[in-house]
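Dear colleague,

Please find the structure below, together with its sequence.

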Amino acid sequence: MIYQHHITLSTQTHGDMHDITDQVNSIVRKSGIKTGMAHVFNVGSTASIGTIEFEPGLQGDLPELLKVISA
């Protein structure tokens, strides 16, 4: 069984981050599938998806780190 759904997000600045955990959980629940795998991906070359604890310190630190390594 396959269930597909889209999440659309907009960013405001370089390094903008979104926590999509609740949206992904909701989609998985709505699918009705009890066992399987959730495949989350992004379309586009300037976005990325990561698995990391989304906490206030990270929201400031990660964009700064990305600026340093992309310079």
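Two helices, H1 (21-31) and H2 (56-70), each contribute at least two residues to the lining of the largest pocket. Please note that the model is a predicted one. Of the lining, H1 gives the most, with five residues. The largest pocket holds about 1,800 Å³ of space. It is lined by 46 residues, and those closest to its centre are Ile20, Val40, Phe41, Asn42 and Ile49. By type, the lining of this pocket comprises 22 nonpolar, 21 polar and three charged residues.

Which residues of H1 are buried? They are Val24, Ile27 and Ser31. These residues lie on the same side of H1, because they cover an arc of only 60 degrees around the axis. As a general rule, an α-helix has 3.6 residues a turn, so residues three or four places apart point the same way. The other side of H1 carries Asp22, Arg29 and Lys30, which are exposed.

The surroundings of H1 may also be of interest. After the helix comes Gly32, which has a positive phi, near 80 degrees. In the segment before H1 one finds Thr13. Is Thr13 buried or exposed? Its relative accessible area is 54%, and since exposed means over 50%, Thr13 is exposed. Between Thr13 and Ile33 there are 36 Å in space, C-alpha to C-alpha, and the two are 20 residues apart in sequence.

Yours sincerely

Technical notes. Residues are numbered from 1 along each chain as its sequence is written. This is a predicted model: local features need pLDDT of at least 70, side-chain atom pairs count only at pLDDT 80 or more; totals for chains, interfaces and linings use all residues. Side-chain values use heavy atoms; hydrogens and water are left out. On a 1 Å grid over the protein atoms alone, a cavity is a set of points where a 1.4 Å probe fits but cannot get out, and a pocket is an open set with protein on both sides within 12 Å along at least five of seven lines; lining residues have an atom within 4 Å of a point. Grid points are joined across faces, edges and corners, and a volume is the space filled by probe spheres set on the points. Helices (H or I, at least four residues) and strands (E, at least two) are DSSP runs, numbered from the N terminus. Ala, Val, Leu, Ile, Met, Phe, Trp, Tyr, Cys and Pro count as nonpolar, Asp, Glu, Lys and Arg as charged, and the others, Gly among them, as polar. Buried means under 20% relative accessible area, exposed over 50%, partly exposed in between (1.4 Å probe, protein chains only). The arc is that of the directions from the helix axis to the C-beta atoms.
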